[in-house]
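User: I'm new to this one. Can you show it to me and walk me through a few points?

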Amino acid sequence: MNKIGVFYGSTTGTTEDLARRIAEKLDVSSGHVFDVSKLTEALVNEYDVLVLGSSTWGAGELQDDWYDGVKVLKKCDLSHKSVALFGCGDSDSYSDTFCDAIGIIYEDLKDTRCKFCGAVDTAGYTFDSSIAVVDGKFVGLPLDEVNEDNLTDERISAWAEQVKQEIS
């Protein structure tokens, strides 16, 4: 059984809410859901699977707490860990940087030898550009609570099942 830790960066509370909803679908208790500002190497070492979430800010930037969070992760041995990414963005107002934050985290961690899981097809999403799209798929789960909140529960449920299968 893989031990899952969920880590989120949230400024307005939206990503925190999504992290808790995702954790519930992954059967992860609230005691294993953390604000990324609390991230330490010891905490990372407790988990086999890291579920990492960030909102995208400004012109496609990470949520502020993730800048230090990424530094912590890059110092860790992630070679035996699975990493699943999720993020939130605004596909209407920021269509050219939609969910870029998860693309940034992916780029920062892709050389750590972790195993990424939970890539999502771009079909069903409306956006112009995103660095979170690699080889035709999002590197994780993009969520738009501004324009498509009616799709969030369905997207989270499908993604959680996918991640469970990929890590088993």
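**Pocket, threonine and sheet**

Analyst: Strand β3 gives the most to the lining of the largest pocket, with 3 residues. A strand is a DSSP run of E, at least two residues. A pocket is an open set of 1 Å grid points where a 1.4 Å probe fits, with protein on both sides within 12 Å along at least five of seven lines; lining residues have an atom within 4 Å of a point. This is a predicted model, with local features needing pLDDT of at least 70, side-chain atom pairs 80 or more, and totals using all residues. Residues count from 1 along each chain, and side-chain values use heavy atoms without hydrogens or water.

User: Where does T56 sit?

Analyst: T56 is part of strand β3, residues 49-57.

User: Buried or exposed?

Analyst: T56 is buried, because its relative accessibility is 18% (the cut-off is under 20%, 1.4 Å probe, protein chains only).

User: What lines the second largest pocket?

Analyst: M1, N2, K3, I4, L26, D27, V28, S29, H32, K164, I167 and S168 do.

User: New topic. What is the strand order in the open sheet?

Analyst: The 3 strands run β7-β9-β8, paired antiparallel (pairing needs at least two DSSP bridges).

User: Why are β7 and β8 at the edges?

Analyst: β7 (120-121) and β8 (133-134) each have a single partner strand, so one side of each has no neighbour in the sheet.

User: How many bridges join β8 to β9?

Analyst: There are 2, and β9 covers residues 137-138. V134 has K137 in β9 as its bridge partner.

Conventions
Helix = DSSP H or I, 4+ residues; strand = E, 2+ residues; numbered from the N terminus. Buried < 20%, exposed > 50% of the residue type's maximum accessible area, 1.4 Å probe, protein only.
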